Amino acid sequence: MNKHTVAGIVVLGLMAGILRSLNGCGGREELQSLSAGEHGSIAMAGSTSMERFARIVSECFMEEHAGVTVTTEFTGSSAGVEAVLDGRADVGLCSRELTKEEQNAGAVASVVAVDGIAVVANTDNLVRELTTAELVGIYTGRIRDWSEVGGRTEPIVVVGREAGSGSRSTFEELLGINDCCKYANEVDSEGAVMARTAVTPGAIGYVSLEVCNDTVCRIDLEGVEAAEETVRNGTYPLRRYFFLVTKGEAWEQSKLVQELMAYLQSEEGKKLIRMAGLVIPEK
């Protein structure tokens, strides 16, 4: 298996006990009756930022739909959209807006969740807050040392995602610095950003809020912490939508894909979105 590809065919029922204990699955007799005897498969591919969400959803969906297999592959947003357009995947996982070219090729995006992009730093860093202007300065190379933003004298090591990443394109777009960043390290997954930032003195990076842990420290922006509530109420500046992408409108897809979309709109589906650490989008 290519080390840049995180792929998995989730075994039916693998997480049944855990999901039941969290009230994640079970009790959806209406959906089960609609799909009684249904067999088939759904292939999902795309954003590494959406891995936790996709695994939770696929495991629970399969538990409730005997005979259905959902496969997941995490190769980045652009690769996921390309796979949908090429017919290699049924559903793309995309953490950015579609480009005009993708839309013209037939890609259609459906909003499924809202996520915050957290700015993270090595835990030895003394800086715990930045302004948006300072963050822009760091990522464009104008600010090169932590002492320029109130920290100790230490070179800033700028970590980011690879070209084609949904996280990278959204981060740069939100800050208005598209194609202007000066990266010291470009890595191919959220986990790699976390790992590189955690072990590199002076490092700064950005990741999906739901993958943050105590191996790094979060940096507040404009005095606002990256948290579920601040993402929901819009006070945190770096927030984005997660999309499911299909070739053509959702209602034009197979019965299984349509049911997956409907499942995510249900109360059970919303529960899983929250379980993944994401925010339910407003209507």
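Entry 1: helices α10 and α11. I began with the rule for angles: those from 65 to 115 degrees count as roughly perpendicular. I then looked up the crossing of helix α10 (residues 255–265) and helix α11 (residues 267–275), whose axes cross at roughly 75°. I therefore record α10 and α11 as roughly perpendicular to each other. The two axes come within 4 Å. I note here that the model is a predicted one.

I next listed the residues that meet. From α10 they are Y263, L264 and Q265, and from α11 they are E267, E268, G269, K270, L272 and I273. Sorted by class, this contact holds four nonpolar, two polar and three charged residues.

Entry 2: L256. I stayed with helix α10, in which L256 lies. Is L256 buried or exposed? I found a relative accessibility of 8%, so L256 counts as buried. Leaving aside residues up to four places away in sequence, I found L256 touching E38, H39, G40, S41, I42, F61 and V68. I also checked D90, which is 166 residues from L256 along the chain; the C-alpha atoms of the two are separated by 9.9 Å.

Entry 3: the whole chain. I counted secondary structure next and recorded eleven helices and eleven strands. The protein chain has 283 residues, and 52% of them count as buried. I then took the contacts between residues at least 6 apart in sequence; of these, 74% join residues at least 24 apart.

Entry 4: strand β2. I followed the partners of strand β2 (residues 40–46). With strand β3 (residues 68–74) it runs parallel, joined by seven bridges. In β3, F74 stands opposite G46.

I then turned to strand β4 (residues 91–94), which pairs with β2 in the parallel sense over three bridges. Which residue of β4 is the bridge partner of G46? I found L93 in that place.

Entry 5: helix α4. I listed the buried residues of helix α4 (residues 77–86) as S77, G80, V81, A83, V84 and L85. Their cover includes β2, β4, α5 (100–104), β5, α7 and β11 (239–247). Just after α4 I noted G87, with a positive phi of about 85°.

Entry 6: strand β7. Why do I call strand β7 (residues 157–161) largely enclosed by the rest of the structure? Five of its five residues are buried, so I take the strand to be enclosed in that way. In a regular strand the side chains alternate between the two faces of the sheet.

Two bridges join β7 to strand β9 (residues 203–208), and the two strands run parallel. V158 has I204 as its bridge partner in β9. Strand β8 (residues 185–187) pairs with β7 over three bridges, also in the parallel sense. Here V159 stands opposite N185 of β8. I recorded β7, helix α7 (residues 166–175) and β8 as a right-handed β-α-β unit.

Entry 7: helix α6. In helix α6 (residues 132–140), I found L135, G137, I138 and Y139 to be the buried residues. They pack against several elements, namely β5 (107–121), β6 (129–130), β7, α7, β9 and β10 (217–221). Just after α6, I noted a positive phi of about 90° at G141.

Entry 8: positive phi outside glycine. I recorded D179 as a residue other than glycine with a positive phi, near 60°. I placed D179 in the loop between α7 and β8. Its relative accessible area is 74%, so I list D179 as exposed.

I recorded E222 as well, which is not a glycine and has a positive phi of about 55°. E222 is found in the loop between β10 and α9 (228–233).

Notes
Residues are numbered from 1 along each chain as its sequence is written. This is a predicted model: local features need pLDDT of at least 70, side-chain atom pairs count only at pLDDT 80 or more; totals for chains, interfaces and linings use all residues. Side-chain values use heavy atoms; hydrogens and water are left out. Axes are lines fitted to C-alpha atoms, for helices over the stretch in contact, and angles run from 0 to 180 degrees between N-to-C directions. Angles under 35 degrees count as roughly parallel, over 145 as roughly antiparallel, 65 to 115 as roughly perpendicular and the rest as oblique. Contact means heavy atoms within 4.5 Å. Ala, Val, Leu, Ile, Met, Phe, Trp, Tyr, Cys and Pro count as nonpolar, Asp, Glu, Lys and Arg as charged, and the others, Gly among them, as polar. Buried means under 20% relative accessible area, exposed over 50%, partly exposed in between (1.4 Å probe, protein chains only). Two strands pair if DSSP finds at least two bridges between them. A crossover is right-handed if, with the strands pointing away from the viewer, the path from the first strand over the helix to the second runs clockwise.
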